[in-house]
Amino acid sequence: RQIFKLNISSGINAEYGGYGRLLIEFSYLLSQVEGKLGSPEKPLSDLGLLSYRSYWSNAVLEALVQYMEGSAENPPNLTILELCDRLCMKKEDVISTLQHLNLIHYYKGQYIICLNNEIIEQHRKSMSRRKVRIDEKYLQWQPKDWSKRGK
């Protein structure tokens, strides 16, 4: 059984220094600490979809690049569900992001993720421009244990 958590929605966009993306990143970090998959409340507004799609694209690409660099397998073998667990994202959000980035293809009876050097370099340039990030090692928070409520 999977437990899903709705993420903090943010109407703040890139005009304001990327703080909307920072709030999205923070909400997924909280999902990770809680051990739950997160997703925004749907339906998303047009601006909300753009903000989340931007975050999801960077998060998925970052996870894929890190996995490729750390994998001894050639080619690396990573399932969609493993990627969801790494990112604390729902499967629908990961798949729609892979489709949006045109990274998922059907080949010899199975779906494969294809990354080329151009996509990786574009991603690295994009990440180098980000000025504000959350450093998870400084997060000091414990999720509330609702099972102890009323005892």
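The second largest pocket of this predicted model has a volume of about 440 Å³. Of its 14 lining residues, the closest to the centre are Pro75, Pro76, Asn77, Leu78 and Ile113. Helix 2 and strand 4 each give two or more residues to this lining. Strand 4 gives the most, with four residues. The lining divides into eleven nonpolar, three polar and no charged residues.

The largest pocket has a volume of about 530 Å³. It is lined by 19 residues, and Gln32, Tyr55, Leu87, Arg133 and Glu136 are the closest to its centre. Helix 1 (19–34), helix 2 and helix 3 are the elements that give two or more residues to the lining. The largest share, six residues, comes from helix 2.

| Pocket | Volume | Lining |
|---|---|---|
| Largest | about 530 Å³ | nine nonpolar, three polar, seven charged |

A pocket is an open set of points on a 1 Å grid over the protein atoms alone, where a 1.4 Å probe fits, with protein on both sides within 12 Å along at least five of seven lines; lining residues have an atom within 4 Å of a point. Points are joined across faces, edges and corners, and the volume is the space filled by probe spheres set on them. Ala, Val, Leu, Ile, Met, Phe, Trp, Tyr, Cys and Pro count as nonpolar, Asp, Glu, Lys and Arg as charged, and the others, Gly among them, as polar.

The protein has five helices and four strands. From the N terminus on, they run β-α-β-α-α-α-β-β-α. Helices (H or I, at least four residues) and strands (E, at least two) are DSSP runs, numbered from the N terminus.

The loops hold some backbone features. A cis peptide bond joins Lys42 and Pro43, with omega about 0 degrees. Pro43 is in the loop between strand 2 (37–39) and helix 2 (46–70). Cys88 has a positive phi, near 55 degrees. This residue lies between helix 3 (80–87) and helix 4 (91–100). Cys88 is buried, at 7% relative accessible area. Phi of Lys108 is also positive, near 50 degrees. Lys108 sits in the loop between strand 3 (104–107) and strand 4 (110–113). Lys108 is exposed (over 50%), at 71%.

Residues are numbered from 1 along each chain as its sequence is written. In this predicted model, local features need pLDDT of at least 70, side-chain atom pairs count only at pLDDT 80 or more, totals for chains, interfaces and linings use all residues, and side-chain values use heavy atoms, with hydrogens and water left out.

Terms used:
Buried means under 20% relative accessible area, exposed over 50%, partly exposed in between (1.4 Å probe, protein chains only).
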